[in-house]
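I set out to record what can be looked up in this structure. My entries follow in the order in which I made them.

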Amino acid sequence: MNSYKVKIALVVASLFIISSANDAEQDDYVYVLNSQNFDQFLAENDFTVVFFYAPWCGHCTNMKPFYHEAAKLLKEDDSIKSDKKITLTKVDATVESGLAARFQIQGYPTLKIFRKGQSFDYDGPRKDAKDIVDYLVSEASNSWKPPVSKVNVLANTNFTEWVQKFDISLVEFYSPNCGHCVRLAPNYEKAAKILSEIENPIPLAKVDATIEIELSEKYQISGYPTMLVFRKGRHYDYKGGREVYDIVNTMKKLQSAGSIEIKSFNAFMAKVNSPTDIHVLGFFDDQKDKSFEVYNHFASKYSEDAKLFHSFDRQEFLKSIKSDKIKQSSVIVFYHDLAVCKSEPRFAVFNKQNFSVEDLEEFVFKTSTPLVGHLSPKNVPLVYDKIRPSCYVFYDVDQELKSHIVFIRDKVAMIAKKFQQIQFALANETENFDLIKRFHLEESHSESSIVCINEKSKFFIFDEDSDSFEEESVEEFVKDFVEDKLVPFIKSEAIPKDSNKNLKKLVGKTIGTFLKTSNKHVILGLIGHDNDSSFEKKLAKLANKYSKNMDLAFAKISVFLNDLPEIFDAYPKSSSLYFISSCNKSSPIRNQNGDNFKEMVDFVEENIKILDLKKNDKLEL
């Protein structure tokens, strides 16, 4: 009797499940799906269209009447013949966030076609109901075949041959378990299809880096996805976006990028129009010259960073450039007239035979800085941030007259000649406001604020409130910098008046003295750029746990708002815990256990135990 009741209950339950899927709520002729009925509904329908939308989305509102009208036509118009029954549905992605995440819905509206539960992108019309129906009927045809992927799959066996075959190509190194890779995949596929159909197609490929270990090591793949641009086998980093048309537009731009042929010296000089730009000119026999192929690859790689030109007529240029150093396969870096003093050469020449892209990189970026360079947001990360020691002289944009710039440049050049181990550069305050903020000069009223930066990237500020450039004072400042007599700028919050006795708050101006004078072992929490409040709470709990241990001191500091002593190698983006022994203050030990409270306790206990063992060893001796 009991088994009979169980069977009846199972039958009723199964009927309820089936009916709950079949009885999905309808809005006009469009079924409304949610996380409860979604999978069952798709399993029962061979061809389902899902309209993922947001109620506030204007594009969704615009398409909705056409979509609903298409659903009505499919239901009522007997003249529409389809090999498969077409069912139109919709999902409010703002409510059903789990479904939206599952199908990587990144924008609204997104339409998906499900064939027996398998998802495909909808690439059809969005405005006319009849056009939507016609597209769906063709997609539901028995003769329909899945689209062939335009993304080539590469492995170690075919990689080199493939990348050497094309003038330009794009390769993605991915991991199947990487969330960013999964999100990129549909965009990459669509971009590959579009780029395969342009007048000069650009091929896209992918490599499973978790399988092709040898390729990953060869190209130093350290994160996923990593995208590399290849030109006849030579490669460089892809720097564009990851949306469909970001990929398409970036690759089309790179396809046409490269060196520009220039016919005459006057035409070239017309392009040399900024003291902050890098101007490069190469001389070659013809387009078949192997050196030109290398140069053009370099030009493509750095088309956003420098102005690059070439000529196949060296003699035409020699009429104006009087130099016996320029050969038929020479490359020169040319300086704008504001970038050099009268006594300086206007260009630097590179004459190496059979040079590589790496050779050009070393030459161009090392020689692109004259005695007194000019900073810009573009050349600072590319060139000047890599040169230490350096000295930046900021000038007021209100006085950006050519005569004023020349006046400042010539005065700085006089000092630069005496300290040639330092790279000097001028900086327009407005154009380089990010540097003004970086060096905390926002409140400066000086005619020319000056910043010197040493090999450890510590910086020193000369910011006297003066209406003129005092050459002697500046020279004395630079001399003191060279002789290590200056105190570096320390970024710091205000020194706190009161502090938690168990967990001391440190700032840039106090951390050095605290660590130096403390006779206790210090457990220091570095609050990273993520400003993790949960980490701070665990740190406070940790300090309270050991409050009676007289050998330990607990402290915290925000690395976003304060400078750290040099004993800390890098500023962590995420919060981290350090143990600094009173016996060895120059070697902080970083917690590698994990960041939950128990793991933090284990980290402290491990280091206390190590210190106790060392103490016992000494006693035995």
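This is a predicted model: local features need pLDDT of at least 70, side-chain atom pairs count only at pLDDT 80 or more; totals for chains, interfaces and linings use all residues.

Entry 1, strand pairing. I began with strand 13 (residues 279-283), which is joined to strand 14 by 5 bridges, the two running parallel. I took helices (H or I, at least four residues) and strands (E, at least two) as DSSP runs numbered from the N terminus, and two strands as paired if DSSP finds at least two bridges between them. The bridge partner of L281 in strand 14 is F309. I then found strand 12 (residues 260-261) joined to strand 14 by 2 bridges, also parallel. Here I260 stands opposite F309. Of the 5 residues of strand 14 (residues 307-311), 4 are buried; buried means under 20% relative accessible area, exposed over 50% and partly exposed in between, with a 1.4 Å probe and protein chains only.

Residues are numbered from 1 along each chain as its sequence is written, and side-chain values use heavy atoms, with hydrogens and water left out.

How much space lies in the largest pocket? I read about 1,400 Å³. On a 1 Å grid over the protein atoms alone, a pocket is an open set of points with protein on both sides within 12 Å along at least five of seven lines, a cavity is a set where a 1.4 Å probe fits but cannot get out, and lining residues have an atom within 4 Å of a point. Grid points are joined across faces, edges and corners, and a volume is the space filled by probe spheres set on the points. The pocket is lined by 42 residues, and D121, P186, N187, E189 and K190 lie nearest its centre. Helix 7 gives the largest share of the lining, 11 residues. Because domain 1 (22-140) and domain 2 (151-255) both give residues to the lining, the pocket lies between them; the domain bounds come from an automatic or database domain assignment.

I found 2 cavities of 30 Å³ or more in the whole structure.

I located A553 in strand 24 (residues 552-558). A553 is buried, at a relative accessible area of 14%.
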